[in-house]
Amino acid sequence: MESRFLVPDPTMVNRYLAGQLSSAEQAEYEALLLEHPEALRELEAVARLKVGLAKLREQGRLDELIGAPASAGRFGLLRHPGLVALAASLALAVVGALFWNNTQSRAVALYASLNELQSHGARSLVAQYTLVRTRAANPDVQLAAPPASQALELRILPDVAAGSSGYRVELYRAHGDGSAAGKPLAISMESQLGADSFVTLYANSELLGEGSYLLKIAPAGTLAAGLVAEPEDFRIIVTKPLTTPGSVSH
Amino acid sequence: MPDSESNKPAQSAIDQKSIEALIVRDYPGLRRLLARHTHDQALAADLLNDAICTTLEKWRAGQIAKPEQICGYVFQVALNLLRNHRRSIAERPDRRADSEVLERTAGNVASMDELAETGMAQRVRILLQGMGSARDRTVLKRFYLDEESKETICSELGLLADQFDKVLHRARARLRELLEASGLRRTDLFSFVMA
């Protein structure tokens, strides 16, 4: 395999950083580091990969990103041929379903402005929803399914202050128990707080068909002392559509 | 004037401060990795400081031929010092901190380092999201984070060696693109010092 990297063995750099090279391999690699300062850039790149992975694990986000069950690989499931065959059959069924629902599986954007949303296909603003957390068992907002391809305004009041990096907002379908189901339907990475103390985002109404949803908002960066804030959850229930579309404010 | 003569003022400008500044700017990954491996910010700083001092002595003694080799030498020495430290900890069980202390220590990082790590996590998240399969992402996680061997990973995930290498090659290429887009740069110590 042709490689544009100075170190053809793709495992060597990581094994060097992990202290897993033999003495001869270490001497060889260190000689290369001195002869080719370019190799130091790759060393730095792998170091950043290792640190980034560790950080994602600390943030509790790694398993979701990896997308593999916690028991896969390390605890013997894949050592059983019968289970491997069963897993393969299930995987084919899942792949088929995902292929059929391909457009549903990719997260779309939540937009910071109405103009931006409208440039991506939504038409007029038909509804504005304000999400404020309550202690009650009732959902934070209940609304009738809006007509398709229109713009929705979501005004979210977060409890936790964020720094200059703003907020990360994710919208999920929700299970019956209110927990998030699968991957986010929509994401906004660094939403800023407005002068009114709300985070205001715009979404295409196609996102919110009848059903239960969970909107999660958390500071995009870290808090003081390196802490990562837990996301705040807002529950949304979407009921049958109104027979007559109209502007609704909750 | 011969080149070696004209370079002397620039060479003498290479000092501990300039090397430290260059490492902070261009090698945050290696710095943070040292800190994580030692579970001790102060110890990591000491290791790096010792490595820089050792390197400067060699540079001034003419044992390092080119300034562009200096940072590579620094990290070679630092990583060797780290390996020695780990060996001494392994041989002295009474000197091992318990896991709760390690967790607390790992959490006590300066805010700038925390931001640097958060930035690295974001780049890696983008890398992972761009990868085609959970299997490939698992390979990356088990090899680079859990530091498992290629043989173990291939055996448990049913991969051929060549397939494993391809996953790593693709990830390395994509990672370099991401990092270069965000400022992973070619280091020119003279230019850095003289800027």
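A:Glu38 is partly exposed, with a relative accessible area of 26% (buried means under 20%, exposed over 50%, partly exposed in between, with a 1.4 Å probe and protein chains only). The structure is a predicted model, in which local features need pLDDT of at least 70 and side-chain atom pairs count only at pLDDT 80 or more, while totals for chains, interfaces and linings use all residues. Residues are numbered from 1 along each chain as its sequence is written, chains are lettered from A and ligands numbered from 1 in the order in which they are written, and side-chain values use heavy atoms, leaving out hydrogens and water.

The side chain of A:Glu38 meets that of A:Arg41 in a salt bridge, 3.0 Å from N to O (a side-chain nitrogen of Lys or Arg within 4 Å of a carboxyl oxygen of Asp or Glu). A:Arg41 counts as buried, at 11% relative accessibility.

Over all chains, 26 salt bridges are found. A:Lys55, buried at 4% relative accessible area, pairs with A:Glu58 at 3.9 Å between the closest N and O atoms. In chain B, B:Glu117 forms a salt bridge with B:Arg36 at 2.6 Å. This pair links distant parts of the chain, helix α7 (residues 111-129) and helix α3 (residues 28-38), 81 residues apart. B:Glu117 is buried, with a relative accessible area of 2%.

A:Pro10, A:Arg41 and A:Arg48 supply 13% of the area that chain A buries here, more than any other three residues. The contact (heavy atoms within 4.5 Å) takes 57 residues from chain A and 62 from chain B. Between the chains, 7 salt bridges are counted, including A:Glu30 with B:Arg83 at 3.8 Å.

The largest nonpolar core has 70 residues, and A:Tyr29, A:Leu43, B:Ile23, B:Leu128 and B:Leu140 touch the most other members (buried Ala, Val, Leu, Ile, Met, Phe, Trp, Tyr and Cys joined through side-chain atoms within 4.5 Å). Helix α3 (residues 38-58) of chain A gives the most to this core, 11 residues.

Terms used: Helices (H or I, at least four residues) and strands (E, at least two) are DSSP runs, numbered from the N terminus. Buried area is the accessible area (1.4 Å probe) that two parts lose on being put together, summed over both.
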